[in-house]
Amino acid sequence: MASETTGRAAVDEAFTRITYLLDRELAPSYRVRAFLRAAEVVAEMDDAELDRRVTAGTLTDLEHIGDKTAAVIAEAYRGETPGYLAELDATPLDPGEGARLRAALKGDCHAHSTWSDGGAPIAGMARAAIGLGHEYLVMTDHSPRLTIAHGLNRERLLAQLDEIDELNAELAPFRILTGIEVDIFEDGSLDQAEDLLERLDVVVASVHSKFRMPEQQMTERLVMAVASPHVDILGHCTNRKVVGKGRPGSVFNEDIVFSACARFETAVEINCRPERQDPPEEMLANALEWGCKVAIDTDAHAPGQLEWQAYGCDKAARLGVEPDDVVNTMAVDDLLAWTADHPTA
């Protein structure tokens with residue numbers, strides 16, 4: 001299949017699309033890095049050298065370019081669709097039973113950027129969301145405690161808010177909403193100053209440590225968090241992992257936690273990450289029984305992962321979730337009105 005673009009621009013487009021698709025399928029990081037490094041090598045070559053190496057078939061003489069990346073470069077340069085790209089692009093994510101829910105979603109309320117542990121800048125995440133038809137994206141980089149993710153302390157969070165203001169002026173009518181994934185401390189308090197949490201559009205609160213606390217303590221921890229008027233969404237509530245070595249979910253009294261979520265109008269997140277699939281279906285059904293709203297969020301750390309909402313929509317549809325049950329089917333002004341008006345204890 002021929003492409004309308006040839007030369008260096010076509011190579012750049014191919015690498016961008018391939019890394020997007022590798023992120024979407026949660027490919028091992030070494031595979032993504034291989035294409036990022038090859039793209040850097042191409043960027044450092046002048047046009048004459050690139051043309052000469054493609055013609056002579058000597059791309060693999062360069063460090064960080066192997067047979068697969070060389071084939072992508074050569075095919076794209078000639079205006080062909082690289083075979084590897086076509087292979088990756090052949091299997092779009094299917095929302096299954098959740099197609100109607102996916103069509104109703106207007107945004108994603110949980111995403112990360114290079115401000116914490118994400119792999120793309122805010123602008124790259126936003127443009128990917130625009131490409132998926134979203135009207136808004138909430139940036140929820142990590143709070144300070146999660147130092148492995150270079151969390152947002154006060155100074156860095158305020159700087160991020162300035163960047164978001166500038167990007168919103170550029171990307172309008174699309175909206176980047178301000179937010180944070182705030183860590184829930186062992187006593188249920190939150191890892192960010194209250195005045196900053198009050199200023200943000202959307203706050204996702206999640207546990208990132210001491211996953212195996214006794215049931216009563218974990219229950220109290222979660223209830224204290226969801227009762228905060230600043231918290232809008234309870235993120236990946238069991239903290240389980242279901243791939244690789246896995247990680248068992250935290251144990252808490254579901255009835256107490258979900259009744260608190262319903263009481264304080266805190267949505268329960270359907271975390272769409274393939275390795276989380278959190279909460280389990282039985283637990284999600286219980287949350288729905290209590291009348292909890294849900295947020296179908298990707299917890300994306302790269303642009304391609306924003307497509308993972310298909311997984312959460314399929315799961316939600318199997319349990320009878322309707323669009324009105326999902327907070328991110330709201331238009332942006334309605335969403336902001338909801339986040340600004342939670343009941344207090």
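**Figure 1. Buried residues of helix α7.** In helix α7, which spans residues 122-131, the buried residues are Ile122, Ala123, Met125, Ala126, Ala128 and Ala129. The model shown here and in the other views is a predicted one. Just beyond the end of α7 comes Gly133, whose phi is positive, at about 90°.

**Figure 2. The largest nonpolar core.** This core has 80 residues, and the members that touch the most other members are Ile73, Ile176 and Phe258. Helix α1 (residues 7-24) supplies the largest share of the core, namely eight residues. Another core, of 15 residues, lies apart from it; Cys109, Val138, Val327 and Val332 are among its members. In soluble globular proteins, nonpolar side chains tend to be buried together.

**Figure 3. The packing of helix α1 on helix α4.** Helix α4 comprises residues 67-77, and its axis is 7 Å from that of α1, at an angle of about 135°. Because of this angle, α1 is classed as oblique to α4. The crossing of α1 with α4 is right-handed. On the α1 side, the contact is formed by Gly7, Arg8, Ala10, Val11, Ala14, Phe15 and Ile18. On the α4 side, the residues are Thr69, Val72, Ile73, Ala76 and Tyr77. Sorted by class, the residues of this contact are nine nonpolar, two polar and one charged.

Figure 4. Which residues does Phe258 contact, leaving aside its neighbours within four places in sequence? They are Cys237, Phe252, Val268, Met283, Asn286, Ala287, Trp290 and Cys292. From α11, the residues Glu254, Asp255 and Phe258 meet Met283, Asn286 and Ala287 of α12. The contact of α11 with α12 consists of three nonpolar residues, one polar residue and two charged residues.

**Figure 5. Two cis peptide bonds.** The bond between Ala172 and Pro173 is cis, with an omega of about 10°. Pro173 belongs to the loop that runs between α8 and β3. A cis peptide bond also leads from Asp278 to Pro279, and its omega is near 5°. The position of Pro279 is in the loop between β6 (267-271) and α12.

Figure 6. Most residues other than glycine have a negative phi, and most peptide bonds are trans. Leu26 is not a glycine, yet its phi is positive, at about 55°. This residue is found in the loop between α1 and α2 (29-44). Is Leu26 buried, partly exposed or exposed? Its relative accessibility is 36%, so Leu26 counts as partly exposed. His64, likewise a residue other than glycine, has a positive phi near 75°. The loop between α3 (47-56) and α4 contains His64. Because its relative accessible area is 43%, His64 is classed as partly exposed; the limits for that class are 20% and 50%.

Technical notes: Residues numbered from 1 in each chain as written. Predicted model: local features only at pLDDT ≥ 70, side-chain atom pairs only at ≥ 80, totals over all residues. Heavy atoms only, no water. Core = buried A, V, L, I, M, F, W, Y, C linked by side-chain atoms within 4.5 Å. Buried < 20%, exposed > 50% of the residue type's maximum accessible area, 1.4 Å probe, protein only. Helix = DSSP H or I, 4+ residues; strand = E, 2+ residues; numbered from the N terminus. Contact = heavy atoms within 4.5 Å. Axes fitted to C-alpha atoms, helices over the stretch in contact; angles between N-to-C directions. Parallel < 35°, antiparallel > 145°, perpendicular 65-115°, else oblique. Left-handed = near helix turned anticlockwise from the far one by under 90°. Nonpolar A, V, L, I, M, F, W, Y, C, P; charged D, E, K, R; others polar.
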